[in-house]
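We'll walk through a few spots together, then step back for the whole chain.

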Amino acid sequence: MGVQKILFILGFLLLLRGGDSQEKTFSSGTSFHSSPHITDFSSMRKLSPVTGNERRRSTLGSLLTVVNVKDFGARGDGLSDDTKAFTAAWKAACSSSAHVTMLVPERKAYLLKPIAFSGPCKSPVTVAIKGTILASGRISDWDGADRRLWMLFKEVDGLRVEGGGTIDGNGQVWWKVSCKVDSAQPCKGAPTALTFKSCRGLTVNDLRFKNSQQMHVTFSKSANVRISRLTISAPGNSPNTDGIHVTGSTDVKISDSFIRTGDDCISIVSGSSSITATNIVCGPGHGISIGSLGANGAEHTVSDVLVDTARLEGTTNGVRIKTWQGGKGYARNIIFRNIVMDNVRNPIIIDQNYCDSSKPCSEQKSAVAVSGVTYKNVTGTSATAVAMDFDCSRTVPCRGITLQDVHLVTASGASAESFCRNVNLSKSGTVVPSTCSS
Ligand SMILES: *[C@@H]1O[C@H](CO)[C@@H](O)[C@H](O)[C@H]1NC(C)=O
Ligand SMILES: *[C@@H]1O[C@H](CO)[C@@H](O)[C@H](O)[C@H]1NC(C)=O
């Protein structure tokens, strides 16, 4: 047995012993979420005159640097429910006084029901997912829980999630009952596999996601987020399985990722600004989307988005901005550059008449304003005759749309077309197909 492991077990025994005497420390704290039997060693140090014994304890507490879910009873056999063990491991990790790694060991599959990992934590936490985390395949496990969430990290600052492991949403059972697949079913939605909500200074690296119930990973109300080396895959016909979804977040950088799913590769929606996606491969799926924005008259804003170096393969859209009639707000200052399209339907598209509803959407007076959009160095093949589609609103036309060095032909080699409504385009360099004016 390694020294670290012995120290760990001692630390754990102390945790269990800590007990009610320390509870006061927590209830007096403002927002520290913790169960009563987790002991805060740093405050223990402050509270008591240090005896030899206490010193050893506090030293042990600060040495709680690795929390292995296995030591909290997780079986990892792919069948047993490991939710309680993960919850207990998270509590220990989140209340450690030292920078701590919560370890999910390799070559195991840990089955989890809906689970929340809430902060704030005492110290920075790294979650090292080396094995597989598998979602429960029983929809009834969501009874009484939020049906839109499977794993949730909430209000954890300085969090890292990494490790090279796999997050498997086991989504097939949900896809079957999706109203998009079976119109006799009610449209109730399904969980996002991994959701980060209100996390600042977040890093998510080196993970595989597959077959999510609905979206794969969502960043909500978060800031200073670095995401890289994700591999996301689900069948091209799986319903609403967006790859990376960004909402209400700012300063988010996504890079070096492969995303092959049944819906948007990356979707960026309301309240998001300063979002960068670099070196991304998409397809199958619906392409890289800003929106949809302005549904049901909502005021939505997205600004300062850069998509730089992407390859889209066989997607149903390339780079898309989609807004509903009747909304308010804006999508502005958006750059798509260094993009290769390979047999993509609608490679370049702005759709201000977006309508993803069973009823037709009638024209309305207001619209989400689209302005300052640049397409630079966008090349390759279109699966549709119309390679550039600017379908802007009559009441709020698109403004400041610029094309530079765009070269798109149809996949069969024939020349492609452009479509324009309520937009004036400016162009520089070579632009093929030639732009239309409205
Ligand atoms: C255009 O984009 C492609 C694909 O990202 C890249 O390989 C190429 O270097 C870019 N060309 C220029 C002139 O930047
Ligand atoms: C396009 O430019 C022409 C000429 O300046 C102008 O009359 C027209 O209103 C503009 N259309 C849009 C949609 O901005």
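Ser415 sits in the loop between β26 (398-410) and β27 (417-421); strands here are DSSP runs of E at least two residues long, helices are runs of H or I at least four long, and both are numbered from the N terminus. This is a predicted model, in which local features need pLDDT of at least 70, side-chain atom pairs count only at pLDDT 80 or more, and totals for chains, interfaces and linings use all residues. Residues are numbered from 1 along each chain as its sequence is written, while chains are lettered from A and ligands numbered from 1 in the order in which they are written.

Is Ser415 buried or exposed? Ser415 is exposed, because 12 other C-beta atoms lie within 10 Å. The cut-offs are simple: with C-beta atoms placed from the backbone, 20 or more others within 10 Å of a residue's own makes it buried, 12 or fewer makes it exposed, and anything in between is partly exposed. Setting aside neighbours within four places in sequence, Ser415 is in contact with Val409 and Pro433, where contact means C-beta atoms, placed from the backbone, within 7 Å. Pro433 is 18 residues away along the chain from Ser415, and their C-alpha atoms are 7.0 Å apart.

Now go to His286, in the loop between β18 (272-282) and β19 (288-293). An unreviewed UniProt entry gives this residue the feature "active site"; UniProt positions follow the numbering used here, feature names are shortened, and annotations may be inferred rather than shown by experiment. His286 is buried, since 26 other C-beta atoms lie within 10 Å. Beyond four places in sequence, His286 has contacts with Asp263, Asp264, Thr315, Thr316 and Asn317.

Lys130 is another loop residue, between β6 (125-129) and β7 (132-135). Lys130 counts as partly exposed because it has 16 C-beta neighbours inside 10 Å. Past its neighbours within four places, its contacts include Val104, Pro105 and Glu106, plus Gly163, Gly164 and Gly165. Leu103 is 27 residues from Lys130 in sequence, yet the C-alpha atoms are 7.6 Å apart.

Finally, zoom out. The protein chain has six helices and 28 strands, and buried residues make up 46% of its 438 residues. Of the contacts between residues at least 6 apart in sequence, 73% join residues at least 24 apart.

Key:
Two residues are in contact if their C-beta atoms, placed from the backbone, lie within 7 Å.
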